[in-house]
Amino acid sequence: MWPYPKIVAHRGGGALAPENTIAALRCGLAYGFRAVEFDVMLSQDGIGVVIHDPEFGRTVAGAGQVAQTLASELVRMDAGAWFGPAFAGERVPLFAEVAEYCRAQRIWMNIEIKPAPGHEAATGRVVAAATRALFHAELHNGDMAAVPLLSSFSDVALAAARDAAPDLPRGYLLDTVPDDWQAQARALGAIAIHTNHRHLTAPLAAAIKAAGFGLFCYTINDPARARELLAWGVDGFCTDRIDLIPPDF
Ligand code: G3P
Ligand code: MG
């Protein structure tokens with residue numbers, strides 16, 4: 001149920017580089033990471049960009065919203081200076097740039113569909129269609145370990161992704177796993193449950209695995225906690241501490 005890497009660099013390079021940038025991917029690679037999670041949102045003109053927050057002010061300076069800004073403007077914005085002067089000039093990347101970089105470097109992707117409010121279906125559809133086009137050969141050859149795993153907190157986005165690219169795997173992303181998780185996951189055609197490790201219990205982990213789903217957790221930065229979760233049967237997790245939890249952990 002989990003042909004993917006066990007340890008995944010959160011937002012590209014974890015806490016060691018500005019999140020969701022090409023510099024983050026380079027940093028992850030320098031630490032040996034060939035598995036990455038990142039967040040994709042749509043610009044005003046419906047183009048996927050890699051960024052976490054729908055509003056400016058944290059990783060990019062100023063006021064404004066991703067969903068009300070053209071991609072051509074977003075890609076000129078500095079997404080590195082907030083992290084440190086060494087990263088000034090690092091831009092907001094297009095999803096296509098990140099996906100092509102990862103494919104070329106053989107970095108496996110967990111692509112989190114992160115819609116701005118009100119743009120759930122379009123974001124799921126666009127991200128799924130673009131991913132499917134890029135990984136056409138791998139899908140055709142059945143090389144599923146190389147194909148990205150889409151995930152989202154939005155069931156609307158996941159349903160749209162399912163309809164646009166039924167053959168791409170999907171993970172159902174949940175902060176707290178609800179009682180009816182299995183019915184919801186099956187309705188979305190999800191192959192995995194992605195959840196906040198803080199709310200996971202050993203019996204719930206066992207139930208998810210017994211039901212035949214992959215189990216992925218976010219975001220684990222303590223090696224002892226990582227060992228505990230893996231002992232519970234967790235298949236994989238993302239981390240900000242790529243310096244403490246290496247890919248071969
Ligand atoms: O996909 C796992 C994790 O990234 C979800 O939370 O807010 O870091 O995107 P967030
Ligand atoms: Mg994320």
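**Entry 1: charges over rings.** I began with arginine 227, which lies over the face of phenylalanine 249, at 3.7 Å from the ring centre. I then found the charged end of arginine 103 over the ring of phenylalanine 135, 5.5 Å from its centre. My rule: a charge sits over a ring if NZ of Lys or CZ of Arg is within 6 Å of the ring centre and within 35 degrees of the ring normal.

**Entry 2: ground rules.** I noted that this is a predicted model, where local features need pLDDT of at least 70 and side-chain atom pairs count only at pLDDT 80 or more, while totals for chains, interfaces and linings use all residues. Residues are numbered from 1 along each chain as its sequence is written, chains are lettered from A and ligands numbered from 1 in the order in which they are written, and side-chain values use heavy atoms, without hydrogens and water.

**Entry 3: aromatic pairs.** How many aromatic pairs does a search of the whole structure find? I got 9 (ring centres of Phe, Tyr or Trp, its six-membered ring, within 6.5 Å; planes under 30 degrees apart are stacked, over 60 edge-to-face, the rest tilted). Phenylalanine 38 and phenylalanine 95 have ring centres 6.2 Å apart and planes at 45°, so this pair is tilted. Both are buried (under 20% relative accessible area; exposed is over 50%, partly exposed in between; 1.4 Å probe, protein chains only). Next I looked at phenylalanine 153 and tyrosine 218, an edge-to-face pair with 5.9 Å centre to centre and 85° between the planes. Phenylalanine 153 is partly exposed at 41%, whereas tyrosine 218 is buried at 17%. I also saw Trp2, Tyr4, Trp108 and Phe216 form one aromatic cluster.
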